[in-house]
Protein chains: 2
Amino acid sequence: MTATAHQALEQADELLALRDAVERRLEELLPPAAEQDLVGIAVREGVLAPGKRLRPLLLLLTARDLGCELASIVDLACAVEMVHAASLVLDDMPCMDNARMRRGRPTVHCQFGEDVAILAAVALLSRAFGVIAAASAHAPACAAELVGQMATAVGTQGLVAGQYQDLREGARARSAEAIVQTNALKTGVLFSATVQMAAVAAGAVPAVRESLAHFALELGQAFQLLDDLADGHTHTGKDCHQDAGKTTLVALLGADTVHQRLRAHLRSADRHLACACGDGMGTRRFMQAWFEQQLATLAVQRPAPR
Amino acid sequence: MTATAHQALEQADELLALRDAVERRLEELLPPAAEQDLVGIAVREGVLAPGKRLRPLLLLLTARDLGCELASIVDLACAVEMVHAASLVLDDMPCMDNARMRRGRPTVHCQFGEDVAILAAVALLSRAFGVIAAASAHAPACAAELVGQMATAVGTQGLVAGQYQDLREGARARSAEAIVQTNALKTGVLFSATVQMAAVAAGAVPAVRESLAHFALELGQAFQLLDDLADGHTHTGKDCHQDAGKTTLVALLGADTVHQRLRAHLRSADRHLACACGDGMGTRRFMQAWFEQQLATLAVQRPAPR
């Protein structure tokens with residue numbers, strides 16, 4: 001076995017271990033609900049259904065690259081996943097994207113009804129804030145900043161604004177710049193909160209945090225472009241052609257140009273990450289491998305016929 | 001003018017001043033949105049439409065009775081009102097109580113659509129957590145506890161559970177005990193978080209916090225009974241007969257018995273408050289005057305015909 005192959009295998013094992021740690025802790029933080037407690041069951045369905053766990057892994061790897069002990073921050077990683085899951089539950093609602101499939105299963109409102117879906121999302125959001133607060137109980141000075149980071153990422157300067165822009169403006173003709181801005185709000189701000197929470201936990205200096213902010217924005221753009229390219233493919237576990245009728249960069253510029261843009265964002269993301277993490281290579285290797293794998297899947301799969 | 005009348009007038013002036021302070025600060029914390037930002041406009045409509053501001057006043061008066069400076073806790077009072085407003089926006093949705101009027105105006109989803117209403121509620125919730133975190137920046141040790149209090153009040157042990165029980169079980173025959181338990185979750189837990197946040201800010205000892213916990217539960221029951229008695233009256237600004245088809249204590253026990261129960265809860269609430277606040281009479285006077293006024297309005301108004 002070559003050194004590189006050996007390293008790749010080691011990393012794969014390690015990622016699986018980290019993902020297991022996150023999923024085990026999510027199970028503990030959101031214990032099984034009584035049979036009649038549909039909201040509790042929907043909360044678990046929303047967050048424990050098989051997922052990529054990209055944001056928790058990003059938080060853990062970044063924090064470790066910055067010299068932080070993992071044990072102390074698994075809860076923060078779980079909180080980020082809860083917020084992400086809450087946003088998916090709401091985005092899928094009939095009055096939003098009206099999606100019926102997510103992660104290969106019927107969406108939460110399809111399984112449990114719209115009322116339960118809304119209540120489950122609210123429960124996940126508030127649980128996330130509670131977990132962040134409790135996780136920083138041993139470092140009280142961090143609590144206010146960590147909660148503030150997440151509150152900003154969710155609110156009218158973050159996920160809420162991104163979803164609104166996408167709903168109201170997505171169906172109209174819009175410029176590439178407008179799409180880039182919406183993508184930053186839809187995806188970039190939660191990546192940003194994710195790595196900034198890692199930085200706060202690790203006590204990183206301002207210059208590092210600035211590099212991480214740039215990294216998160218580039219990563220958000222790359223991720224959203226990947227998501228747009230994947231629409232129409234059958235491996236995503238989501239409804240096919242969910243973007244039909246929506247102005248995306250793929251529709252505007254074509255898949256080839258979007259591929260090139262995606263590569264440019266990844267290169268830029270990697271440069272900023274290198275500035276932030278110095279010798280720490282965990283996050284850089286993970287990001288590269290993750291995008292290569294996703295892009296390879298796209299290249300093999302043919303788009304599903306419309 | 002008698003001493004009592006003079007005292008009553010002084011208190012009325014003071015309450016108006018406190019309410020103004022809360023509303024001015026809410027205006028600052030949620031500044032006017034751009035014309036095209038419907039979510040920002042809906043956020044303001046949800047929280048700035050004329051309201052009783054019962055929870056913020058309760059927080060401010062309790063904290064002052066416990067010896068706390070008001071200036072430092074107005075933001076906490078605003079955060080409680082934001083959470084309350086978010087819960088009303090969601091409770092009114094078509095998939096929940098399907099209400100069309102609230103505070104004398106069309107409900108938020110009727111004005112702006114369901115998608116915007118959901119996003120506005122999420123924005124209000126996350127802003128509330130951010131405001132709590134920022135408000136405790138000068139006393140970092142409090143941040144984690146304050147955020148934790150609110151997270152618990154909202155989640156599957158609080159408002160979410162109360163709303164779910166009311167939706168799913170309200171239409172069935174249920175026992176008085178089951179209704180009392182639902183009322184505790186629907187109303188008591190947010191009152192509880194409200195006074196506990198005041199206690200944390202004031203650095204109150206455990207015995208005081210225990211008395212406040214009992215007070216909040218009694219108050220929650222009294223408040224929900226008042227709300228049930230008021231259903232069918234036209235002065236509430238809400239849809240009339242919203243409870244039609246729902247098992248309430250009024251339907252189960254009759255209005256007279258509910259009146260007696262309400263009085264008993266108020267007496268008990270006052271006793272616990274007296275234990276908590278010692279010489280501090282502000283909250284006790286406010287609660288007594290507030291309920292007397294509401295009950296007097298009910299006595300004058302005849303229920304609207306069905």
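**Backbone, interface and rings**

Tutor: R53(A) is buried, with a relative accessible area of 1%; buried means under 20% relative accessible area, exposed over 50% and partly exposed in between (1.4 Å probe, protein chains only). This is a predicted model, in which local features need pLDDT of at least 70, side-chain atom pairs count only at pLDDT 80 or more, and totals for chains, interfaces and linings use all residues. Residues are numbered from 1 along each chain as its sequence is written, chains are lettered from A and ligands numbered from 1 in the order in which they are written, and side-chain values use heavy atoms, with hydrogens and water left out.

Student: Where does R53(A) lie?

Tutor: R53(A) is not a glycine, yet it has a positive phi of about 60°. Helices (H or I, at least four residues) and strands (E, at least two) are DSSP runs, numbered from the N terminus. By that numbering, R53(A) lies in the loop between α2 (38–48) and α3 (54–65) of chain A.

Student: Is N98(A) buried, partly exposed or exposed?

Tutor: N98(A) also has a positive phi, near 50°, and is a residue other than glycine. It lies in the loop between α4 (74–91) and β1 (101–102) of chain A. Its relative accessible area is 42%, so N98(A) is partly exposed.

Student: What is the area buried between chain B and chain A?

Tutor: Contact means heavy atoms within 4.5 Å. On that basis, 36 residues come from chain B and 36 residues from chain A. Buried area is the accessible area (1.4 Å probe) that two parts lose on being put together, summed over both. Carbon and sulfur atoms give 79% of it, and the total is about 3,000 Å².

Student: Which residues in chain B lose the most area to chain A?

Tutor: Three residues together account for 18% of what the chain B side buries. They are D115(B), L119(B) and Y164(B).

Student: Which side chain meets D115(B) in a salt bridge?

Tutor: A salt bridge is a side-chain nitrogen of Lys or Arg within 4 Å of a carboxyl oxygen of Asp or Glu. There are two salt bridges between chain B and chain A. In one of them the N to O distance is 2.9 Å, and the partner of D115(B) is R168(A).

Student: Which element gives the most to the side of chain B that touches chain A?

Tutor: The elements of chain B that give two or more residues to this side are α2 (38–48), α6 (114–135), α7 (140–154) and α8 (159–169). With twelve residues, the one that gives the most is α6(B).

Student: Are the rings of F191(A) and F223(A) stacked or edge-to-face?

Tutor: Rings of Phe, Tyr and Trp (its six-membered ring) pair if their centres lie within 6.5 Å; planes under 30 degrees apart count as stacked, over 60 as edge-to-face and the rest as tilted. F191(A) is in helix α9 and F223(A) in helix α10 of chain A, 32 residues apart. The centres are 5.4 Å apart and the planes at 80°, so the pair is edge-to-face.

Student: How are the rings of F223(B) and W290(B) arranged, stacked or edge-to-face?

Tutor: F223(B) lies in helix α10 and W290(B) in helix α13 of chain B, so the pair ties together parts 67 residues apart in sequence. Both residues are buried. With centres 5.9 Å apart and planes at 20°, the pair is stacked.
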